[in-house]
Amino acid sequence: MDKKHSAVFEGLLPIGSVVTTRTGTKQVMIIGRGLEGAGKEGVIFDYGAVLFPEGFSDGNHIYLFNHEDVGSIERVGYINREESELEERLSEYLKEQRW
């Protein structure tokens with residue numbers, strides 16, 4: 001993620017966030033976090049997303065990527081106490097999986 005956006009938001013983005021990846025040209029909405037890629041056993045991605053504004057069409061069109069692949073943040077999803085607590089636990093889990 002570029003300096004501008006990493007300074008604005010730290011940690012995993014919440015569900016509902018809309019981003020563009022570094023290599024993408026279309027916006028995607030995050031619908032899941034900590035997902036294992038199909039056919040990539042043991043490889044866990046930070047985010048699963050669908051095209052925005054199209055949304056979910058089927059399980060073959062979920063885009064998996066990691067936090068460092070985020071190029072720009074268009075909208076940050078809803079954050080409350082439960083989301084903040086889950087984000088902390090999920091961030092720790094993902095760090096453990098990568099070591």
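User: Is Tyr 47 buried or exposed?
Analyst: This is a predicted model. Buried means under 20% relative accessible area. Tyr 47 has a relative accessible area of 0%, so Tyr 47 is buried.

User: How many aromatic pairs does a search of the whole structure find, and is the pair stacked or tilted?
Analyst: The search finds 1 aromatic pair. The ring centres of Tyr 47 and Phe 65 are 5.4 Å apart. Planes under 30 degrees apart would count as stacked and over 60 as edge-to-face; here the planes are at 40°, so the pair is tilted.

User: How many residues apart in sequence are the parts that this pair ties together?
Analyst: Tyr 47 belongs to strand E3, residues 44-51. Phe 65 belongs to strand E4, residues 63-65, so the parts tied together are separated in sequence by 18 residues.

User: Which element supplies the largest share of the largest nonpolar core?
Analyst: That core has 13 residues, and Tyr 47 and Phe 65 are among those with the most contacts inside it. Strand E2 (28-36), E3, strand E5 (70-75) and helix H2 (81-98) each contribute at least two residues. The largest share, 3 residues, comes from E3.

User: How many residues of E3 are buried?
Analyst: E3 runs antiparallel to E2, joined by 7 bridges, with Val 28 opposite Leu 51. E3 also pairs with E4 in the antiparallel sense over 3 bridges. E3 is mostly covered, and its buried residues number 7 of 8.

User: Which residue in E4 is the bridge partner of Gly 48?
Analyst: E3 and E4 are an antiparallel pair. Within E4, the partner of Gly 48 is Leu 64.

Key
Residues are numbered from 1 along each chain as its sequence is written. This is a predicted model: local features need pLDDT of at least 70, side-chain atom pairs count only at pLDDT 80 or more; totals for chains, interfaces and linings use all residues. Side-chain values use heavy atoms; hydrogens and water are left out. Rings of Phe, Tyr and Trp (its six-membered ring) pair if their centres lie within 6.5 Å; planes under 30 degrees apart count as stacked, over 60 as edge-to-face and the rest as tilted. Helices (H or I, at least four residues) and strands (E, at least two) are DSSP runs, numbered from the N terminus. Buried means under 20% relative accessible area, exposed over 50%, partly exposed in between (1.4 Å probe, protein chains only). A nonpolar core is a set of buried Ala, Val, Leu, Ile, Met, Phe, Trp, Tyr and Cys residues joined through side-chain atoms within 4.5 Å. Two strands pair if DSSP finds at least two bridges between them.
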